[in-house]
Amino acid sequence: MKNYMNRCLTSGTLAILWLAPLQAAEIHVAVTGNDANRKELEPRLAVSRPVSQTMGIEPNVGAVTADAARQRIRLNLDWRFHRGEVPVTNTATGKSAVTQWRYMAVDASAVDAAQRSAPELDMSGDAWKDAKIGEDVFKNRSGFCWFRAILPKVAGDEPVVHFAGVDDNATVYLNGKKLDSHQGYGQPFDVELKAAWKPNGPNVLGVLVENTQGMGGIIGTVEVAPGNEAAGPARPDFDDSSWRKVDLPHDWSIEGPFIEKGSRDTAFLPGGAGWYRKTFAAPQEWSGKVVTILFDGVQERSEVWINGRRLGFHHYGYTAFAYDLTPCLHLGGRNVLAVKAVNELKSRWYPGSGINREVELIVTGKAHVDTWGTYVTTPQVSAESATVAVKTTVKNEDAAEKHVMLLSRIVNAQGKTVSQAESTQKIPAGKVVEFSQQTTVDKPRLWSCETPNLYQVLTTVSCDGRATDEQATSFGIRSLKFEPNKGLLLNGQSVKLKGVNLHGDNGILGAEGFAWAEERRLRLMKEMGGNAIRCSHNPPSTAFLDACDRLGMLVVDEAFDEWKHGKRGGYSSVFDKYWQDDMTRMIRRDRNHPSVIMWSMGNECPNQGFPDGEETVKMLAEFTRKLDPTRATTYGAQPGNMFRFPTAEFWAALDVCGYNYEHMTRGNGGGYVESHEKFPNRLMFGSESQMIMLHPYWRMVMANDYVLGDCVWTGMDYLGEVGTGESLGAHKDFPGYLANSGSYDICGFPKAHSYYRKLVWTMGRDGTVAPTVAMVVRRKHSGTKVGWYQSDWGWMPAINSWTWPEEPNKMWVDVYSGCDEVELFLNGKSLGKKKFSKDEHCKQINTWEVQYEPGELKAVGYKDGKQVADHALKSAAKPAKVKLTADRTQLRADGCDVAFVTVEVADANGNWNSMADNKVSFKVSGAATIAAVGNSNPVADLQHDYHGTTATVYDGRCLLVVRSTGKPGPITITATCDGLEQGTATINSELMKPGTAP
């Protein structure tokens with residue numbers, strides 16, 4: 001084997017890792033000499049090398065020597081995937097069926113739960129009857145039934161009970177202890193029994209079954225098995241050779257097909273189960289190391305095995321989780337990961353399915369920083385100096401006590417160490433200790449929306465003079481205050497939140513969380529004038545927050561859409577059991593991001609206005625402050641037309657009150673002005689607002705310091721909640737698939753509202769806006785509603801084009817302007833001047849009814865009688881060619897980088913023809929593949945697969961997304977269309993050197 005150079009990490013140098021001869025490894029390399037404007041503070045390096053064929057190991061993980069203190073190994077390439085359940089033919093040993101059941105009907109779910117699940121309960125009376133698996137005990141009656149059975153003995157101390165199906169919902173008890181709840185007709189699920197299991201028995205299983213309609217009961221087999229025994233695809237010897245190869249991130253639901261009987265909420269796309277398997281090598285050099293696998297997100301509920309041993313179950317697709325692989329690895333041999341993800345699509349929007357965020361292995365010494373164990377704050381900040389406080393949780397997994405030295409170096413964007421702190425502590429075997437350190441940075445470069453300067457804490461854990469772990473943590477130096485009479489102060493300066501709500505999907509990519517896809521949509525929001533994102537209604541990906549840090553976007557990081565009471569039967573079923581775990585994961589993972597300014601406890605939870613809602617929000621807020629007291633707590637309140645508006649006691653538990661649709665809260669206990677009169681110290685912001693209310697809301701934001709800002713619904717269109725915007729009619733039914741309420745469409749093309757929002761966000765405190773001009777055109781449809789919008793969440797279906805059919809056709813031309821007046825010209829002929837619209841909801845808009853004729857349409861804006869701005873649209877000639885425009889020219893050859901290619905049907909001069917509806921076929925050759933292709937039509941094109949090779953243009957354009965492979969080289973994209981000149985584009989894919997970015 002060829003050894004590569006190994007050097008220690010020192011100030012101003014790189015950490016160069018020894019790399020064993022395995023192919024296509026993905027290694028994160030900590031770099032100190034990087035630039036603040038580069039794409040990543042910890043660049044990723046893909047390294048190609050030959051494969052050891054004798055071990056039968058797939059070529060995807062690199063090895064390192066014991067000298068390297070920490071390795072972050074991206075585990076995204078070369079997975080095997082199967083969609084759907086897998087028939088189990090090689091079942092695990094020791095499994096026993098539960099066949100003898102007794103049941104009793106009850107009137108309410110909470111009746112005598114402790115008594116009915118108690119192991120000593122006498123079931124000999126007439127109220128209890130024998131039951132058989134599959135029997136309809138409800139007889140078409142809705143309600144509840146208790147089922148009880150004595151479980152057979154199984155080997156091991158981590159038994160699991162497997163339910164093949166319950167109709168409809170189940171709460172599971174063992175020996176009187178509540179273990180888990182499951183909602184969903186007919187879905188298989190597992191429950192771990194170890195929390196109440198008696199090794200010598202007896203073990204009494206109690207199941208409270210709820211039936212909502214029709215037949216009901218325990219409808220599938222129930223089996224108990226040793227928790228460490230794997231079956232089917234979880235077994236390492238399972239044959240997955242017929243499974244499809246995929247790379248991560250991956251979302252199988254977006255692959256379709258659209259289902260007419262599916263849910264409007266989740267875009268009529270399918271859910272179900274999916275299996276992933278990954279084979280990799282664990283080199284002998286990992287002996288004495290700790291190996292952790294970190295999942296940034298799996299939708300929805302997942303189970304993970306390594307070499308046939310079950311690692312655990314995770315229940316929330318939006319929070320990250322980690323497992324220790326160390327005891328189960330086969331060093332020097334073959335290791336098999338298996339992941340099962342089940343998604344019942346119980347969501348109010350499209351969540352995606354599968355491993356849709358990145359996965360990595362983290363290899364450290366036995367004394368190491370715990371997962372998300374670094375916490376950086378800046379309690380004192382000025383232009384002259386800043387105090388940096390670092391708390392580091394260090395875990396000692398050695399069998400002996402260790403004397404640990406912790407060195408924390410503060411490194412600026414140029415790689416220079418500007419400050420450092422050193423501490424020592426003894427850590428007993430198997431224990432965790434928190435180090436608290438503090439240091440000062442002179443003349444810091446502050447993080448803000450305009451100058452998002454970033455630093456790193458480079459942490460080194462050493463034992464006996466040898467580094468056992470090294471970690472780089474990005475952070476920003478900034479002060480953050482919320483004051484009733486001043487609002488939000490960032491570095492002492494007042495900042496108003498020019499915000500949008502964003503769901504988690506990436507358009508035609510579905511929920512696949514590519515780093516560039518996340519950054520691209522944030523760049524669109526920034527270009528529109530925005531500076532804030534409310535993550536609706538769940539924690540985002542790490543890549544999303546990394547991009548917010550780099551771009552200077554402020555973030556409201558939100559935890560839940562449901563508490564104890566459900567909307568679609570989603571998180572509410574596990575809230576009581578898991579809320580604390582998920583809040584911890586969200587806050588510990590995200591608390592070093594300078595972009596995050598508020599933690600949101602939830603959104604429009606049904607019990608918000610009731611006493612248990614007050615108790616819940618107080619519980620969540622107090623827990624949040626214990627983990628991070630440096631940011632504000634908030635909540636997005638339903639306005640009260642469906643649920644009760646929150647009480648004063650509810651709001652008193654929080655730092656900032658989030659009003660969804662403020663104008664609807666007036667008279668219900670809300671309203672900015674009314675609330676301020678009653679509660680002068682209350683801070684508020686528009687956590688959601690309708691597009692039609694943008695202008696009046698923003699005037700209130702600018703006029704009142706106690707209103708922090710406004711977040712419009714939504715910044716970019718998203719999958720699910722079909723037809724909410726209705727901007728092209730009532731597209732709420734199949735095959736509609738979009739909410740159609742974004743300022744940008746699902747492909748990232750600007751919609752009319754983006755131009756208006758950009759204008760309104762220039763408003764000053766006196767209500768005046770910038771003297772600019774932007775023009776959009778909409779056809780005057782006969783027999784349809786004509787106005788500024790089709791629903792309060794939508795906007796008029798207009799585009800910035802003057803290419804239309806040449807037959808007589810009346811058009812609406814809308815001009816957005818901050819000028820005194822605007823004059824419209826068609827082919828040089830004036831169509832008249834107009835002043836501001838007097839409509840309070842849509843000020844700064846002027847509208848002309850124009851008879852279409854080809855040529856040039858031009859709007860000219862005047863201020864104090866002088867021309868100060870203009871905007872022209874020119875008609876395109878007939879379609880002649882396909883035009884491709886890629887948003888990037890260089891990709892990382894890591895298999896996880898993407899480029900977005902805008903596809904336009906154009907005339908001979910390259911002018912976009914918005915009337916074209918051609919079908920375009922694509923071919924990608926070289927070091928990339930097609931990741932997705934589609935258009936922004938709010939009605940799904942059922943003829944084309946978003947993971948296919950063809951698309952029909954809509955408004956004359958569509959979008960192609962290409963994905964790098966693990967190999968470098970040129971990428972050639974070809975687009976062909978009958979009768980048109982083909983389009984081509986070239987991108988290069990490279991193995992990136994440390995400290996560089998595409």
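Predicted model: local features only at pLDDT ≥ 70, side-chain atom pairs only at ≥ 80, totals over all residues.
Modeller: The expected span of a helix is 1.5 Å times one less than its number of residues.

Biologist: How do you know that the end-to-end distance of helix α2 agrees with its number of residues?

Modeller: Helix α2 covers residues 515-527, and its 13 residues should span 18 Å at 1.5 Å a residue. The end C-alpha atoms are 18 Å apart, so the two values agree.

Biologist: What makes α2 mostly covered?

Modeller: Buried means under 20% relative accessible area. Ten of the 13 residues of α2 are buried, among them Trp516, Arg520, Leu524 and Met525. The parts that cover these buried residues include strands β35 (497-502) and β52 (898-906), as well as helix α3 (542-551).

Biologist: Which residue with a positive phi follows α2?

Modeller: Glycine 529 follows the helix, and its phi is near 105°.

Biologist: Which residues have the most contacts inside the largest nonpolar core?

Modeller: They are Met525, Phe560, Trp563 and Met583, in a core of 80 residues. A second core, of 30 residues, is separate and includes Tyr276, Trp286, Val298 and Val304. In soluble globular proteins, nonpolar side chains tend to be buried together.

Biologist: Why is the contact between aspartate 130 and arginine 102 called a salt bridge?

Modeller: The definition asks for a side-chain nitrogen of Lys or Arg within 4 Å of a carboxyl oxygen of Asp or Glu. The closest N and O atoms of aspartate 130 and arginine 102 are 3.2 Å apart, so the pair meets that limit. The pair links distant parts of the chain, with aspartate 130 in strand β7 and arginine 102 in strand β6, 28 residues apart.

Biologist: Is aspartate 130 buried or exposed, and how do you know?

Modeller: Aspartate 130 has a relative accessibility of 58%, and therefore counts as exposed, since the term applies over 50%.

Biologist: What makes aspartate 180 and lysine 577 a salt bridge?

Modeller: Their closest N and O atoms are 3.9 Å apart, and the limit is 4 Å. Aspartate 180 belongs to strand β12 and lysine 577 to helix α4, and the two residues are 397 residues apart. Aspartate 180 is buried, with a relative accessible area of 11%. Lysine 577, at 42% relative accessibility, counts as partly exposed.

Biologist: How do you know that the salt bridge of aspartate 814 and arginine 778 ties together parts that are apart in sequence?

Modeller: The two side chains meet at 2.6 Å, N to O. Aspartate 814 lies in strand β44 and arginine 778 in strand β43, so the pair ties together parts that are 36 residues apart in sequence. Both aspartate 814 and arginine 778 are buried. A search of the whole structure finds 39 salt bridges.

Biologist: What makes β5 and β13 edge strands?

Modeller: The open sheet has four strands in the order β5-β16-β9-β13, with antiparallel pairing. Strands β5 (96-97) and β13 (189-192) each pair on one side only. Two strands pair if there are at least two bridges between them. Strands β9 and β16 pass that test with four bridges, in the antiparallel sense.

Biologist: Why is strand β19 called mostly covered?

Modeller: Six of the six residues of β19 (residues 290-295) are buried. Val290, Thr292 and Leu294 point one way, while Val291, Ile293 and Phe295 point the other way. In a regular strand the side chains alternate between the two faces of the sheet.

Biologist: Which strands pair with β19?

Modeller: Strand β24 (residues 359-364) is joined to β19 by six bridges and runs antiparallel, with valine 290 opposite threonine 364. Strand β22 (residues 321-324) pairs with β19 over four bridges, also in the antiparallel sense. There, phenylalanine 295 has phenylalanine 321 as its bridge partner.

Biologist: How many helices and strands does the protein chain have?

Modeller: The chain has ten helices and 58 strands. Of its 998 residues, 61% count as buried. The accessible surface is about 37,000 Å², and carbon and sulfur atoms make up 49% of that surface.

Note on methods:
Residues numbered from 1 in each chain as written. Heavy atoms only, no water. Buried < 20%, exposed > 50% of the residue type's maximum accessible area, 1.4 Å probe, protein only. Contact = heavy atoms within 4.5 Å. Core = buried A, V, L, I, M, F, W, Y, C linked by side-chain atoms within 4.5 Å. Areas by Shrake-Rupley, 256 points an atom, 1.4 Å probe, with all protein chains shown as cover.
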